[in-house]
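This report covers a multi-chain model, chain by chain. Please look over the sequence and the structure before reading on.

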Amino acid sequence: MTLVLTSLALLAIGAATSLLLTRVPRLALNLGMLFAFVAAVIAVIAAGDVLIRSPSQSTYEAAWPLSLGTARLSLDGLSAWFLMTIGVLAACVSIYSVPYMSSAVGREPVPVFCALFCGLLAALILLVCAADAVLFLLSWEVMTLTAFFLIDFHHERPEVRRGAWMYLVATHLGTALFVLPLFGILFARAGTTAFSSFAGALGSADRTTLMALFALGLVGFGTKAGFMPMHVWLPAAHPVAPTPVSALLSGVVVKTGIYGLLRLLSWLPPLPLVCGEVLLFVGVVSGVMGVLYALAQHDLKHLLAYHTVENIGIIALGIAVGLLGEATNEPTLAVLGYAGALLHVTNHALFKGLLFLSAGAVLHGSGTGEIERLGGLARKTPANALMFLIGAVAICGLPPLNGFLSEWVIYGSLFSGSIRGIGASGGLPAVGVAALALMGGLALACFAKVFGVVFLGTPRETGLQTHSIPTGMKTAMAALGLFCVLIGVLPSLWVPLVRSATIELANVPMGEFSTRIDGVLAPAIRLSGMAVLFVLAIGGLLVLRRWALSRAARRDVGVAPTVATWGCGYTQPTPRMQYTASSFASSLVTTFRGVLWPERMFAAPAGSFPATAHVETRAPDFAEHELFEPVFRGVARLFAMVRTVSWRGESESPGVAQSAAAHRRGPVRTLTIGMVSALRRGSIQVRLLFIVLTLVVLFLCEALSSVDRVHTTTGQDYQHTLSVGVNR
Amino acid sequence: MTAVRAVLFVPEMLVVLALPPLLMSVIAKTKAWFGGRVGPPWLQPYFDLHKLIQKNAVYSKTTTWIFRAGPIISLAALLTAATLIPVLSNDSLLGFSGDIILLAYLLALGRMFTVLAAMDTGSSFEGMGASREVTFGAMSEPALFLAFVVMAVATKSLQLSEMIGPKLLPEWQIAGPAMILVVGALLVVLLTEACRVPVDDPATHLELTMIHEVMVLDHSGPEFAFITYGAALKFTLLGSILVHAAIPHPEGFNVLSPPLRVLELGGLAVLVGAIESAMARFRLNRVPMLIAGATVLSAIAVVLVLMRRTV
Amino acid sequence: MHVLLIVVPVVFAAVCLALPGPRLRLASLVAGSGAHFGVTIWSWSTTFPDEADSVFAIEPLGHLFVSLVSVLFAATSVYFVGYHRKALLSQRIFLACMLALLAALSAVCMSRHLGVLWVAMEAASLAATPLIYFRLSARSLEATWKFLLMSSVGIALALLGIFCIAVAAMKAEPAVSLVYSDLVSHAKELDVLWLRAGFLLALVGFGAKMGLSPLHSWKPDAYGEAPPPVAALLSGAMTLGPFIGILRVFQVCSAAGLAEFAGGWLVVFGLVSIGTAAVFVVGNNDYRRIFAYTSVEHMGVMVVGVGLGLGGSYAAMLHAMHNTLNKGVLFFMAGFFWRIYQSNRVSDVRGALHHHPTAGILFLGGLCATCGLPPFGMFFSELGILFAAAQKAQWWVLGLFTLTLCIVFVGVMTAMLPMVFGPPPENLKSAPKGEGRWRNVVMLAPATLLLLAALVLGAYQPACVRDALYAAAATLEPLRTESGAAVARGMEVLP
Amino acid sequence: MLQSAIDSILVLAVLLNLAMLATSRMAACIRTFALQSLLLALLPIAVGLRHETIPGAHAFVITAGAVGLKVFLIPWILLRVLRTGEIHREIEPFIGFTASVMLGAVIIVASFAFAKRMPLPTEAPTDLLVPVSIATLFNGLLMLVSRLKAITQVLGYLVVENGIFVFGLLLLEQTPVLVELGILLDLFVGVFIMGIIVYHIRREFDHMDTHLLDALRES
């Protein structure tokens, strides 16, 4: 706990110093990021300490008087797991940011960026360590706010402002409309804001309360986590944020939603089966829709943002299985599901962070994230290509990287779910399996497209310059990549850490729990064996190939010749003839057009000597354009009508209204028109009339209600009243 | 017992690794027979491989190390997968609980790198092939996994060698229809993954209509040998899953079983050859229907099995 | 001794009337409010004997509110030095009225006799009238007329309400005077019927002055047309007067066991006010009117809090404190933006952060504070009210409260974020130098201080502030719990 | 005898309300108001006398103040403001004169009914006090709401004050004279400022139709 406090203090110092050194932005950048890095590392150490040793409930109460609630911190397994995730990613991102932002020195207020970065980090750490409702909400909102400012960093560009606005509004609506009432209910039941008291207070809760709590948490935290259809802010905000921020957003900020949900579940007693089923459905929808939308994107960061939605869906699948397991009292299932979800939280943070950083390196290098314009980057920046490849293989859940590990656990949980016939007698888990398989295949298609088009082949635009990537950025990415590989190859080092986080969720007695989880996760050890085998096979084949080629070289021509790509007879292939990303994805997009509703603008080549042809496809987000936009617009229009007392929401000139009033159309209409015009012009008489009416209404209400109150209330006043009334 | 098993695994592995080209030539022979031709000699595929190994490789100058890594990684993935799949006996070398998922994803890994190698050449034809490959691959995954669900539910196990082993025998007696559906789905998956008619025609000479073959246009020499062998191996592995699921052998090790398996695999090859000669390739936009059909089959199978289990 | 709080401003007002030369008068204004502030500070350091017979007394609620008034006045007078330009209204009268307003408000906060409270309240609104008329333009004239007439009618009703309470008090033997402490102590003997009538009348009357919907309609006009510093005073300090009036009557009611009845009506009025603010903020294109509606919203929040009681009334006190600070910041910045952009229209103000970073940051901070985002204090107060609603299991109140607050948030943010972010309009004269620069400093300093106060008091609450708020809230709970200490404990157990 | 005198004064005051509602000429309106105020100003003394004692200085002070302000000073101010302009009549108000008289009558009836529901806790000088004060109050509000000219609205406000004044008679013993005088002073200053504003309105717009003040509205 002291470690956590130290890292918080360091972050505060970092923010302060970088603000103080506004005059020397470069120094501010270096110092601020240094502080952030050290703080993150310390946080990781603190978390690792808890995770490796058995979960120690160390609650710390700070002597810091808040206006409400108490500053109570605690670090249990769950917190530690997320703290570790945050720390690892944040450390790498802070290394990455130094060279990335140094290019902006002079043009942008970099010190402010550093301060906000430290603030966001502090809010995240505080959030996962908070053991008091008010402190939790406080850091939750501070996180939202700092993240908003960071997203809005390049606020000269309108799309940036729009993205930031969407993020702010979406998350705040989710928080205020669902999370705050959620904690209101918890507080009302527990009578205090201490987390420790919630679990006990909910022990006797009835079914409706539990369902209400779960629903509130699902929507409220789901908005931050990006469940469909509350995901709208992700594809809007992720791409426009500075790359380090996008990495943090997708890696950990989104995960805080998951953390909130899990924290809530850790208090709730086993929920009704339907909750798990609903969550499983949500997970399937988010996952499949997310990856489908990702397929249809043409911008690197947009695509990655939608993949975040997909992976959140996968995590939701894991949690759902955990819920089902708890509901049907199948500890193994609960353990499997929760463990898989938790593992995927961390893994996703790692490889998605890596992917965002690598994408940022592409932007940094060639100034655009439009996939169609890029190409052949693997020759110019091989290191970055390798990093992106690692990330891509990991996010597709392919062995032997970390992505496979967590998806494997989740698969396992789903399979055993339907083996045990849980959830529509095992049907729902089966659906989950199919969906997960589909997601895997589609993700593979998507990243084959991205990597193939962006990094392989030949550059599509000659104009695009690419300058090399600074060492700092390479180091950060290499660190993340290393984590991805290590976790995938040596699960035996990694998987045991998740035990103490899982025990918080799956309410199983400790002894039984450990046997369960070991039995469940033991096969994971076999994966490293398979990995070794795989590497051996590769090595053998390499040797074979080398041997064969050298023999061939000795025998005849010499070293392997290099020629132009075989164009099937066509001899002058140009870069523009390469298969584009849209055409690569088109066959899948058209297959799923019933879900995606892609828009296709096509200008066919015309004339006997066609000069130009143009085809463009987009997949507008349904939730944004079909769900939220209409609602917002409708509400605004309605309010405008009320405000200006006129149809169609804009105020007409009162003269018109008067002339309408002048027409003799019977008293009612005339009066109403006169009233409306008076209202519209806000004349003093009408306003006074409001006062009078309010008075009259109040007294009428009282008169009506006092009739029965005479009988109900005690005290001789009313007897007196009645007697006097009689005497008169 | 286990010691015997362990000793016996070595020859088994060797047979498994030697078998694939033979199956290829079985298919070729069948097609030739249907065409009233004699067809290539039985060992032709081996000759081809030998020839390719001898040859020197030619590389396009747009390619990077990915292009060279592609065939190796995909073949390595297949070899790794081979250790998980029971081919001749009822038992696999290194099977463990949950290995089916690893198996499926190893195949996916192979696909990923084949596709990337194709994209690396920057040729529009190979891009086309890659696009089709990932499309059909992605669509066939659910069918495969739903089939796995059926077997898992039936055998209460997540280890391939058990799921398609003797434990499946009672299932055939209780829920025959479901198993038939599953086998059908698996057959479609096999045809898709191994790029056979009606999904893909390895023998066509028009690049525009190819899927797998067009992806490997630029490969040559030993790497092309790896690819050819890999395709055959993939066919063998998926085929043996199909065969084991279709014709479960009884518990325990008996001498007759391995040769029987070889024969069954040969029979499967003949069947595939017959299909290839009997029907033409589907139009590309019809193929998704076929695969979706397979998914539906296995979904129905899942429903049947679960229903049967709850009542 | 506390009478100094009333006497000092009056004296300085007289001085102001007497002095020649605008600079001297300005100095006297600053000196007056400064002295008032000093006396306030000093008043916290001493304890006052409870003079039973005196008309004015310092008790927790009034003490809290008078301190808020004093803080805002001190800040405003400094700001006014920078804002001040060639007055159209005679500056002599203007400044004198400002000080008179200060005196009247202090009297309102400290008066023990409801009649005296009423007299002081009316005096305050009369003193405020010329301040609104500052520009002598047609629009300001209209605004002034509407303000004057509506508040006069409203306060007349309030007087009737007070008389009703007096009638209710005639039932007690011997008849109780209108000193609220006596009323509270004899609450059980009052005539319930007339007490209810009195409460309703007082609620409507003071509500009209405080700006509860649907009696609020003078607010946007007055705040939009009055010079920003005056608007700050009106929204930050002037609203506390009628609020304390309502609270006094509420104290009597809840002492008489009418807490549910009175609280219920307060909640209703509060929710209606927040709802009205929500409707009128969305899509509004005049940022000073938007601020006016947020003021309506915050009045509603406070009233809801008091109506819910316990944690709610503590949160309401907290909210009142932060409302004063925020409104100062917002209207100060509004005046500053007027100087830069020469427009009240939201659509004309763009890219403040780019053009004048300090102002942009201050404005942004003010926005966040007003929208109840942490670490500013309103987050805690609104959360506390929400918790109180949840604890009373009034789920409808909770739902409506959060929903309307959310709409206000979206409306305000959607309108105001473009003012801060993005590129500024081209035809904008660069930041002024020399004298203008000095003005900027003088105008921004008080805003900065108020914002810092809001920030610090939100995230870190010193014990003294907490005690003051608890004590003030405890006076609102005569019957709901046995004693103030219990309320304080209850609130610690509560949020 | 005294009782009936008080009652008749009160009744007369109510009738004067109706008269004010009926007249269109503002000068006449103002004079009617002055008359009403005079009548009401007599009441404190009368009520004081009713207690078979010499009414206290309290009552006399209030009467003096009321007479001085509402009978002379305020009407004088209003008449001056009126004289500065050329508008002397209230032409078609929101609610016509006959209609408003009808409404006024309804209000009076309603207020009597209301007073029945609100029994006084103690013995009042007369039962008429409460209904008359409420009636006067609401008639004043009616004037405020229905009339267009600024001056008539000021009159309406004054009538409201008169209603409250009548109500105040119930509390002669309670309210300290200081408060009463404060109320009167506030009233005076208020009306004084209103007069100034009305004067400015006239000068600014060349009319006194407050319903035409509509520059400030939501757009």
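## Chain B

Along the sequence, chain B follows the pattern α-α-β-α-α-α-α-α-α-α-α-α-α. That is twelve helices and one strand. Helices (H or I, at least four residues) and strands (E, at least two) are DSSP runs, numbered from the N terminus. The radius of gyration of chain B is 19 Å, close to the 19 Å that the globule rule gives for 311 residues, so chain B is as compact as a globular protein of that length. The radius is taken over C-alpha atoms, and the globule rule is 2.2 Å times the number of residues to the power 0.38.

The model is predicted: local features need pLDDT of at least 70, side-chain atom pairs count only at pLDDT 80 or more, and totals for chains, interfaces and linings use all residues. Residues are numbered from 1 along each chain as its sequence is written, while chains are lettered from A and ligands numbered from 1 in the order in which they are written.

The C-alpha atoms of chain B fill a box of roughly 60 × 45 × 45 Å, taken along the principal axes. Of its 311 residues, 61% are buried. Buried means that 20 or more other C-beta atoms lie within 10 Å of the residue's own, with C-beta atoms placed from the backbone; exposed means 12 or fewer, and partly exposed is in between. Among contacts in chain B between residues at least 6 apart in sequence, 81% join residues at least 24 apart. A contact requires C-beta atoms, placed from the backbone, within 7 Å.

## Chain C

Chain C has 21 helices and zero strands. Its radius of gyration is 21 Å, close to the 23 Å that the globule rule gives for 495 residues, so chain C is as compact as a globular protein of that length. Buried residues make up 69% of the 495.

## Where chain C touches chain D

Here 40 residues of chain C are in contact with 36 residues of chain D. Which helix of chain C gives the most to this side? Helix 6 does, with 19 residues. The chain C side divides into 25 nonpolar, eight polar and seven charged residues. Ala, Val, Leu, Ile, Met, Phe, Trp, Tyr, Cys and Pro count as nonpolar, Asp, Glu, Lys and Arg as charged, and the others, Gly among them, as polar.

## A strand pair in chain A

Strand 4 (residues 599-603) of chain A has five residues and the number buried is zero, so this strand lies largely in the open. Strand 4 pairs with strand 5 (residues 614-618) of chain A in the antiparallel sense, over five bridges. Pairing requires at least two bridges by DSSP. A:Ala603 stands opposite A:His614 in strand 5 of chain A.

How values were computed: Two residues are in contact if their C-beta atoms, placed from the backbone, lie within 7 Å.
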